[in-house]
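Please open the model in a viewer and keep the selection panel at hand.

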Amino acid sequence: MALPPGFLPSCDAQELQDITLYRKLDRWHRLDVAPFLALYAVWAAWALQQLATHGGDSFVLIQLVTYALLALHALTYLGTVWSVGIKSRLHFRAVGRLEDATHVKVVPHSFVGTREIVPLQGRITEGSPIISFDFRKLHFILDAEDGMFRKLKYPTKETFATYRASGGYGSEGKLVAALERWGPNKFVVPVPSFRELLWEQLLAPFFCFQVFCVGLWALDDYWYYSAFTLLMLVSFECTVVGQRKKNLSDVRRLQAPKEPLNVYRSGKWGKLPGDALLPGDVVSVVRSEGGDDLVLQADMLLLAGTCIVDEAVLTGESTPQWKNPVGEATGDEIDASELEPTSRLSIKRDRMHVLFGGTKLLQTSGDKSAKIKTPDGGCLAVVLRTGFGTAQGSLMRTILYSTERVTANNAEAFLFILFLLVWAIAASGYVLHKGLQDPDRDRFKLILNCIMILTSVIPPELPMELTVAVNASLLALARKRIFCTEPFRIPVAGKITTCCFDKTGTLTSDHMILEGVAGTKGHELDVVTDVKTLPTAVSRVLACCQSLLQVDKGLVGDPVEKAAVEATGWVCKQDTITSPKEGSSKEVNKIMHRFHFSSVLKRMSTIVQTEGVSSSSWWVLSKGAPEVVQGMLAKVPPHYQQCYKRYASEGARVLAMAYKQLPSEMTPSELRHLPRDHAESELVFAGFAVFRSPLKDDSEPALRMLRESQHQLIMITGDAPLTACHTAGKVHIVTRPALILNRSGQGSSASNGASLFWLSPDESTREPFVADPEAAWQLADEYDLCITGDSLAALQEIGAAETYVPLAQVYARVTPEQKEVVVKMLRSAGLHVLMCGDGTNDVGALKGAHVGVALLPPPDISKSKQKKASNSSSSISTAKAAIKGKGEAGPAVAPASGSAAAAPRGLPGSQLQARQQPATAGDVVAADPAAPPAVTHNRPGTQMLDKMRAQGRTVTPFLERMAKSMDDMASAAEAEASNMVKPGDASMAAPFTAKQSSVMPCLDILKQGRCTLVTTIQMFKILGLLCLSTAYSLSVLYMDGIKLGDLQATVAGMLTASMFLFISNAKPLPVMSKTRPHSRVFCRYVFISLLGQFSLYLAFLMYMQHQAHALMPKDERQEPDAEFKPNLINTVCFLANFIIQTMSFAVNYVGEPFNTPLHLNTMFNAAVRWSAILYILLVVNLPVGFSKWFSLVTLPAMMQVQMLGLGALVFVLATGIERGARVAFPAAIPPEKGGLCGPSSRAVLPGAAWRERKEE
């Protein structure tokens, strides 16, 4: 349907908030060109008239008007660069009809991006126009039916019948139309030239302001200082541009090579390159001939055959995933292969049938009965999404566009500058008022000085220093194998109050141990540890009710299922499981169908065909949560609940097992179409499988350190509440008597909370549930609370979830969606939340937290080396390479047998010795992947020492320190080279990805976040003090004819730049303190410290200026507009400003308890000490004549004493003010228990009230 003329379209996309149509103006009609051409003509006529009338007397006025006009034109042009709104008004004209538009202004939703003006694209296909635009690699197309721009749709919501009937593209016309619609399967990431990127950086607002300030200093004859500042700024911007260009080039190389694969088009198979794939293509998916893992090149739906894929890049889940075909329809609501043909695909629900782009294909098993036979025996799949529409494309867009500007708080920074501007306006007004009273003053110089005073309080170094601080943190985290895709979250990590953890795979090991089976006949309350002595029916459930995968002759999958199969001794080869031969009896079980595990249903089942010596039978084998399986049993044993609760309360993972035999006359087709509800009913109880999951070595010490630093700890898990509470007690999450919120029924009574009650794990304590907040706070003050998934749903029904969620310590039996709900409720309660998890079930919670940390264990190095060695040839060069590789890897793994290597990172030495335990090589690698490589012979410092020793030369301690510094710089360069986040390093699951298996990286992130936050706040304070001092120097002192020499200003600028650089490299302390850093610029601590210090510095400066006035003869005084000449007042003021600048850095440096103390920050400490020594030498003029190098005069003896004595006194007093303000107004420390419950008041503050008190 064609759109009517004059139609105004809108947008319907979750990424976009609004769109506006515009038409681009030609150059001479733009409002930043045409009006100014007229203004320049008027200016020229006026200037000529002034010169003709007043001659040279009007030159100053003409000069001022000329500068003002040029500045107005420059600001107008730059406004179009800085602001999309200004650009749309000056370069474009809003239109009300689609046919008149050439561009569209896109307004995205918050956190999706910034506004942009993008061109409209139009093309004709088969007689109908297609109008579209691109925004951040997303393609939006106008729907002619309703006139709405929508994101390009891929065939991801068709019916299953449609997918099953897919036959690929049968005609050239459809192929061309698909190519025009979706384009090639490429990630087009254009890399601008260095010149283009540099021009973009040089037009940034703060850089333009910095250049403007440089121009003002140059006009005031500070040529050296201006040249130095400009060189420093341009050098920094060139460095940033170089890094940006490198990052963009790296992003282009991130995509895996598009390997050719078989595609079914026009009724025949043919090899096509991967970038030729189109949505709707039918392809054959198979591993490469060399046996290497294939990176999937598009999102595909599996039609026939089975695949095993590694999805760690998307989910952080290290366990390979089994992908099943959509199969035939049977009516099961969980497995999409059994949905009705009219049901539509939901990628979120049916991900077990979807192969995602960017994931690795580990194994394929083709289906010979597929409708379309594949030529290479691969699996049959239909392409769903390509290019940036795939899962891999989404990750690449995250890396490309999630780099938001990093500031402590943009609004607070703006208000802080406004506060400083008040002082500058007062000082500037004073100078202007006094200057206009003197008829002999140079008006140009007067106005120039007033502008310089106003600009002096806007710190041009601020964005540069913030960038340096955050980049230093990024680099420090990257060295520890922690990667961040959203740098703006690093300072947020310094504000974290609540840390949430998944249990299995995060706090506890993935390696499960089957302790035995409990509840069997004759052992109703005991565990049979020798599983091989159990009845065959029980062993069959253990061995055959599983979804294990066979990859490279090894089983992979759920650790629970692996432990169960290994304990039975049965042999598993894909879907065929064989029992050990006992005498003449031996049975072979073949899994005919699986009802896959669901976090909603909390169970799984298989249907197996059992072939014995003389008979064949069909069995349904089930396992799941004991409370769920209980309702599926034909008869519940009397000891059922007592038995499983006993072992669950001891921290074991307990699974109930059941089975039943099906009629032998059923056919395989009938078995596969058996409804799940019918199959999982009237089961016979087989026993409880009791599994143990040991804690990871680092879990207890890591959470102990978090507890000691006053963080609220929460566990959010899908495990049983008794198991969760026991494990939580081992890791300091539960430290008081626990109560579990139970739900007695599912009826309407839940609407008022009558069905809820609190029960202790041993059932000795029972408390009624009360929805009243006061009662909830009192309960949380006495007990640690555990809320189950069902109870959480009930709390949401009665509206009590907001009250209880911040008060609980453990959440058990929760679904992935409920994990996300919990995290978001904690955030809404005013808490800053960290979530740490390792798998698919945690993705929603990881993204919902302020700081999400996905644990992505590195691949097994030994296995990868063995694989490479098996594929390598036996040539001499390859053998040498293998020997060299072995030598490099050996020392890194060898310490595994030692005690010291097993100690968790981050513990003090005494604790290391106390906790020495044997560990495996894998544990060592996971414990500290940031450890330096054992072989360092290729480091420049080591090479230098080796060469000297080979020559017989003496290696002094100084040379050893120098060599170590060289090696450290080389290591830093290597780490910086790998600072770019790659899909192999980061996952889409969270902003932070730690390539480790322990939770220790959470401490690293929090410590680095505190370090960055503290550095940011102290930068604001230091810049504020320097700006206030500069404004005074440029105002009151200027009226007395006092100004700095060019060399003096240059030295001061170099000192400031170097100290800011050194202060940004502060490192966090190894142990976190309970004390919190101040998270806001506007708090009493900052303002009292700032104003107190400035009062001292101002008094010192004014007093020394007054003393210099008294001692300096009047005939030596300098006029305000005179050329600079050294004198006593200038010398005193320069020295006073110099030591004030040094003191501002030294006094406001925040070391303990967050960062390394001043004396351990080597470079910064050296800068402060040498600055103080330089000050002393300049004051006393030693060696004689030294002060003349800085355009200073020799001070009288008494004034030397005053400068040194008063300077020392001011330093002591300023330090006292800073430390006193820090002690008197500390940052609020959140309570460690009960959400917002304070231990002193034994009551809970509502979230808003606690937030109001945070900075008091």
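The stops below pass from the whole chain to a strand, a helix and the aromatic rings.

**Conventions.** This is a predicted model, in which local features need pLDDT of at least 70 and side-chain atom pairs count only at pLDDT 80 or more, while totals for chains, interfaces and linings use all residues. Residues are numbered from 1 along each chain as its sequence is written, and side-chain values use heavy atoms, with hydrogens and water left out.

**Whole chain.** Select the protein chain: it contains 40 helices and 43 strands, which are DSSP runs (helices H or I, at least four residues; strands E, at least two) numbered from the N terminus. Of its 1256 residues, 52% count as buried, that is, under 20% relative accessible area with a 1.4 Å probe, protein chains only.

**Strand β10.** Select residues 261–265. In this strand, 5 of the 5 residues are buried, so β10 is largely enclosed by the rest of the structure. Leu 261, Val 263 and Arg 265 lie on one side, and Asn 262 and Tyr 264 on the other. Tyr 264 stands opposite Trp 269 in β11. The two strands form a hairpin with 2 residues between them, and Ser 266 in the turn has a positive phi of about 55 degrees.

**Helix α39.** Select residues 1197–1224. This helix has 28 residues and reaches 40 Å from its first C-alpha to its last, close to the 40 Å expected at 1.5 Å a residue; the expected span is 1.5 Å times one less than the number of residues. Its buried residues include Met 1203, Gly 1207 and Val 1210.

**Aromatic rings.** The structure holds 15 aromatic pairs, defined by centres within 6.5 Å (planes under 30 degrees apart are stacked, over 60 edge-to-face, the rest tilted; for Trp the six-membered ring is used). Select Trp 758 and Tyr 804: their ring centres are 5.7 Å apart and their planes at 40 degrees, so the pair is tilted. Trp 758 lies in strand β35 and Tyr 804 in helix α25, so the pair ties together parts that are 46 residues apart in sequence. Trp 758 counts as buried at 0% relative accessibility, as does Tyr 804 at 1%. Finally, select Tyr 640, Tyr 644, Phe 685 and Phe 688, which form one aromatic cluster.

Note on methods:
Buried < 20%, exposed > 50% of the residue type's maximum accessible area, 1.4 Å probe, protein only. Pairing = 2+ DSSP bridges.
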